[in-house]
Amino acid sequence: MKTANQKRINIAITAMGGQGGGVLADWIVSMGEGAGWLAQSSSVPGVAQRTGATVYYLELFDHTETAAEDATPVLSLSPASGDVDLVVAAELMEAGRAIQRNFVTPERTTLIASSHRAYAVSEKEAMGNGIADSESVHTAAREMARRYISFDMAAVAEQTGSVISAVLFGAIYGSGVLPFPREAFEQAIRDGGIGVDKSLAAFAAGAEHSQSPDDSVQIQAAVVEKTPGWQYKGDDAEMKALLHGIKQDFPDSLSDTVTEGVRRMLDHSDLRYARLYVERMQRLLELDGAHGGDAKEGRHFSSEVASRLALWMAYEDSIRVADIKTRSHRFARLYQEVGIKEDKVSYFTEFLHPRLEEVAEVLPERMGRWLLRTNWAGRVMTKLFAGPKKLSTQSLPGFLSLYLVARMRPLRRYSLRDAIEQKQINQWLQQLEETLSRDYKLACELAALPELIKGYSKTRERGLRNFNILSAAARSLCGKDSAADVLRELKAAALKSEKGSELAVALSRHNLAHLLPSEVGMAKAATAEIAVQPCAE
C-alpha cells in the first residue's frame with residue numbers, strides 16, 4: 001500500500017512577470033484534477049521583476065486508491081526545505097535562489113531550469129562586468145539535485161513562437177516526475193484555450209530536449225538568435241570578401257571576435273566603417289606578432305583589443321538611440337513582454353532627456369562646435385530640442401521625430417560626435433602601439449581600459465574621465481617594474497564606485513595623485529583630449 005508521501009507530489013515554480021508561471025501552474029492543476037487527484041496551488045509574488053520572482057507552490061495528492069472513510073489530506077500552502085519533488089525555474093539564477101532556499105535536495109528533487117539569463121538590476125548597474133557566474137549555478141545544481149535538466153528554453157520558445165512556460169511544461173513531461181501520460185499534458189494545454197497550436201509545438205520541443213541522453217547544461221536548443229543589423233543590404237560580394245579576408249588574416253581564436261566586431265560596425269554605420277575596424281585590427285595584430293612574445297600572450301592582447309575596439313567604435317549617440325527605438329523587432333519584443341497582440345491598440349511612451357551636447361553631437365563638426373560656444377544659439381536649441389520629453393512611438397508625430405533622427409545615420413561620419421570619438425580612439429590606439437614595444441603586459445592592461453567607458457551623458461563623462469586618468473597613469477608607469485599589476489589595481493579601484501574615492505586612494509598609494517583633476521577642472525577632464533606620448537625611457 002502507498003504511504004502518504006508516496007501519494008503526494010510537491011512542486012515549486014519560480015518565474016518572473018511575463019514568463020507564464022501562473023499559466024504553467026494552472027496547466028499542472030488542471031491535469032492533476034483531470035486524473036482524479038487533489039490539487040492545490042498558491043503563489044507568493046516577488047518584490048519586483050528582478051529582485052524576486054514569483055514562487056508558485058503546488059501539491060498534488062493521489063486519493064484514487066484511498067478508502068472512502070479516510071480523512072481528506074491537509075495540503076501545505078508553501079514549500080518546506082527538503083520537501084520538494086520538482087523545482088522548475090524559468091531563468092538560471094532563479095534556480096540558484098531555489099538551491100539557496102534549500103528547495104533542492106540530492107535525495108529527492110528534480111531540478112528543471114532554463115540556462116538563459118535575465119540579468120538582475122545589480123548586474124546591470126555594475127560599473128564593470130557585474131554578470132554573475134552562470135557555471136557556479138550549474139555546478140551547484142548538478143551537486144544538489146537528484147536530477148538536473150537545463151537548456152536554453154527561451155531560445156526554444158522564440159523558435160516556436162510561444163512562451164517559455166510551454167517549453168517548461170514539455171520539460172516536466174520529459175523528466176517523468178509526474179505520472180501522467182502525454183495526452184493529459186497536451187489536453188491541459190488545449191483546455192487553456194490560448195495559443196494552443198504554438199504552445200503544443202513548444203511543449204513538444206521542450207519534451208524532446210529534456211529527454212536527451214545527456215540531461216545537463218550541455219543541452220542547447222538548436223536556435224541562434226539573429227541580432228538585428230547583421231543582414232547587410234549593400235554589395236554582398238564586398239561583404240563576403242571582407243569576411244573571407246578575416247578568415248585568412250586572423251587566427252581562428254580571433255576571427256570570431258573580429259567577425260562579431262564587423263557585425264557591430266554594420267549595425268552601427270556601414271561597410272566603410274567595418275573596413276576601418278578590420279584595418280585597425282590588422283595593424284595591431286601585426287604589432288602583436290612583432291612584440292608579443294609567445295602565441296598565447298599574443299592572442300590575449302589581440303582578443304582584448306578586438307572586443308574593446310568594437311564596443312568603442314559602436315558608440316551610442318542620439319542617432320543610434322533613435323535607430324534602436326524605431327526598429328520593428330523592438331516593438332515585437334515589447335508586445336511579447338507586455339503580453340499584448342500586435343493588432344491591439346497600444347501606446348509606448350519614451351522618456352527622453354537630451355542635453356544640448358547630445359543635440360550638438362549630431363550636427364556637422366564645425367556647426368556643432370559653433371553651437372556649443374555660442375550662448376544665444378545654445379539657449380535657442382535647448383528650448384527647442386533639449387530637456388525632458390515624452391514621445392509615443394505608437395503615434396505618427398512621435399515615431400517620425402525619432403525616425404528622422406535615425407535616418408541621419410549616413411551623415412554620422414561628418415558629425416561632431418564622430419570627430420571626437422575617432423580622435424579619442426586614435427589616441428588610445430597610438431598609445432597601445434607605443435606601449436606594446438616597451439611593455440607587453442602593460443599594453444594588455446591598457447587594452448582593457450575602455451571597459452571604463454560606458455553608458456551616455458554624465459555616466460559616460462565619468463567613465464571617460466577615469467579612462468583618461470588611467471591612460472596618463474600608464475604613461476607614467478611604463479618601463480617600471482609591476483606596471484601592469486599597478487594599472488590593473490587602479491582599474492579595479494575605478495570600477496568600485498562612481499564617486500571615485502577608491503581610485504583617489506589607489507593613485508595616492510602609488511604616488512600618482514597628481515593625475516587627479518581638481519574639483520574645478522573635473523568637468524573639463526572628463527572630455528579632455530590627452531595627447532599621447534611615447535613611454536619615457
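How many bridges join β1 to strand β3, and do the two run parallel or antiparallel? The views below are taken from a predicted model, and the first of them takes up this pairing.

**View 1. Strand β1 between its two partner strands.** Strand β1 (residues 8-15) is joined to strand β3 (residues 54-61) by eight bridges, and these two strands run antiparallel.

View 2. Because eight of the eight residues of β1 are buried, the strand is largely enclosed by the rest of the structure. The side pointing one way from β1 is made up of R8, N10, A12 and T14, while I9, I11, I13 and A15 point the other way, and the residues of both sets are all buried.

View 3. In helix α8, which spans residues 182-192, the buried residues include F185, E186, A188 and I189. These residues lie on the same side of α8, because the arc that they cover around the axis is only 150°. An α-helix has 3.6 residues a turn, so residues three or four places apart point the same way. On the face of α8 that is turned away from the buried side, E183 and D191 are exposed. The cover over the buried residues of α8 includes α2 (21-34), α7 (164-175) and α9 (196-210), and just after α8 the residue G193 takes a positive phi of about 75°.

**View 4. The crossing of helices α17 and α20.** The axes of α17 (residues 365-373) and α20 (residues 416-436) come within 7 Å of each other and cross at roughly 100°. Where the two helices meet, α17 contributes E365, G368, R369 and L372, and α20 contributes L416, A419 and I420.

View 5. The average pLDDT of the protein is 82, and 83% of the residues score at least 70. Over residues 213-231, however, the pLDDT stays under 50, and the model has 40 contacts for this stretch beyond four places in sequence. The pLDDT is likewise below 50 over residues 519-537, a stretch that has 30 contacts in the model beyond near neighbours in sequence.

Methods
Residues are numbered from 1 along each chain as its sequence is written. This is a predicted model: local features need pLDDT of at least 70, side-chain atom pairs count only at pLDDT 80 or more; totals for chains, interfaces and linings use all residues. Side-chain values use heavy atoms; hydrogens and water are left out. pLDDT is the predictor's confidence in each residue, from 0 to 100. Contact means heavy atoms within 4.5 Å. Buried means under 20% relative accessible area, exposed over 50%, partly exposed in between (1.4 Å probe, protein chains only). Helices (H or I, at least four residues) and strands (E, at least two) are DSSP runs, numbered from the N terminus. The arc is that of the directions from the helix axis to the C-beta atoms. Two strands pair if DSSP finds at least two bridges between them. Axes are lines fitted to C-alpha atoms, for helices over the stretch in contact, and angles run from 0 to 180 degrees between N-to-C directions.
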